[in-house]
Amino acid sequence: RAMAYLTPVDEMNNMLIKGMATRQASYIQPLYKNYYNDTLKLIPFDIEKAKQLLTEAGWVDTDGDNIRDKIIDGKKVPLSFKFTYSSTPTNREYALLIKDAMYKAGVDLQPEPVDQGQLQTKVTAHDFDMVLSGFSATGPVPDDPEQFLGSKNWANHGSNFTGFGNAESDTLIAQGNRETDEAKRAVLLKKLQAMVYDDQTI
């Protein structure tokens with residue numbers, strides 16, 4: 001959640017793509033009005049809130065190097081991670097904006113540009129700390145989320161790149177895929193969206 005508060009989405013949108021994108025709080029597009037969970041709120045860019053959350057989680061700068069750290073298994077570990085992305089000029093600017101924002105909160109983000117083929121290899125092998133990626137969907141109703149949210153598709157190195165999922169979310173997906181009543185399916189998908197949001201998975 002702290003990383004979400006430290007991602008300057010609006011600045012990225014305005015500076016790099018001329019404000020052409022529209023933010024949404026869920027993986028389901030708002031145009032699917034019956035299915036979109038409109039109770040979920042956009043997470044604002046808020047460095048102070050991120051600092052608060054990190055401190056509460058035990059990440060503090062103990063040595064004055066401006067990078068937070070924490071004792072894990074008896075060893076001091078800095079809050080540092082690689083940010084993997086497909087190497088394009090726009091993605092590079094995204095990475096630098098995010099890196100700068102996170103540094104202000106004591107987080108060391110290290111950009112790792114790779115070509116698109118390497119990116120695909122890394123995400124399917126779970127060989128990344130944080131990744132910049134995206135997906136799209138079309139159709140009269142939301143697509144089956146099993147492919148990118150089903151827990152088995154993490155275990156088998158499928159398209160669930162983030163490792164999201166547990167028995168409850170898998171059950172919601174399965175029930176939603178079987179449900180033919182639109183209103184009942186909407187209830188299931190809205191609950192699933194809330195789980196993804198709470199996890200800040202995607």
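Gly58, which has a positive phi near 90 degrees, follows helix 3. The structure described here is a predicted model. At the other end, Asp46 caps the N-terminal end of helix 3, with a side-chain oxygen placed 3.3 Å from the backbone nitrogen of Glu48.

Helix 3 spans residues 47-56, and Ile47, Ala50 and Leu54 are buried in it. These residues lie on the same side of helix 3, because the arc they cover around the axis is only 60 degrees. The cover over the buried residues of helix 3 includes helix 1 (2-5) and helix 4 (89-103). On the face turned away from the buried side, helix 3 carries the exposed residues Glu48 and Glu56.

Leu54 also belongs to the largest nonpolar core, which has 26 residues. Leu54 is among the residues with the most contacts inside this core, together with Leu6, Phe83, Ile98, Met102, Val107 and Leu109. Two or more residues are given to this core by each of helix 1, helix 3, strand 3 (80-86) and helix 4. Helix 4 supplies the largest share, five residues. When neighbours within four places in sequence are left aside, Ile98 is in contact with Leu6, Thr7, Pro8, Met12, Phe83 and Leu109. Another core, of 14 residues, lies apart from the largest one, and Tyr27, Leu149, Phe164 and Leu172 are among its members.

Two aromatic pairs were counted. In one of them, the ring centres of Tyr27 and Phe148 are 5.6 Å apart and the planes stand at 75 degrees; an angle over 60 degrees counts as edge-to-face, so this pair is edge-to-face. The pair links distant parts of the chain, since Tyr27 is in the loop between helix 2 (9-16) and helix 3, whereas Phe148 is in helix 6 (residues 146-149), 121 residues apart. Tyr27 has a relative accessible area of 13% and is therefore buried, the limit being under 20%.

Phe83 and Tyr85 form an aromatic pair that is tilted, with 6.1 Å from centre to centre and 40 degrees between the planes. Phe83 counts as buried because its relative accessibility is 2%. Tyr85 is likewise buried, with a relative accessible area of 4%.

Thr90 is located in helix 4. Its relative accessibility is 33%, so Thr90 counts as partly exposed. Thr90 and Lys191 are 101 residues apart along the chain, and their C-alpha atoms are separated by 34 Å.

Notes:
Residues are numbered from 1 along each chain as its sequence is written. This is a predicted model: local features need pLDDT of at least 70, side-chain atom pairs count only at pLDDT 80 or more; totals for chains, interfaces and linings use all residues. Side-chain values use heavy atoms; hydrogens and water are left out. Buried means under 20% relative accessible area, exposed over 50%, partly exposed in between (1.4 Å probe, protein chains only). Helices (H or I, at least four residues) and strands (E, at least two) are DSSP runs, numbered from the N terminus. The arc is that of the directions from the helix axis to the C-beta atoms. Contact means heavy atoms within 4.5 Å. A polar contact is a pair of N or O atoms within 3.5 Å; within protein, one must be able to donate a hydrogen and the other to accept it, and residues adjacent in sequence count only if both atoms are side-chain atoms. A nonpolar core is a set of buried Ala, Val, Leu, Ile, Met, Phe, Trp, Tyr and Cys residues joined through side-chain atoms within 4.5 Å. Rings of Phe, Tyr and Trp (its six-membered ring) pair if their centres lie within 6.5 Å; planes under 30 degrees apart count as stacked, over 60 as edge-to-face and the rest as tilted.
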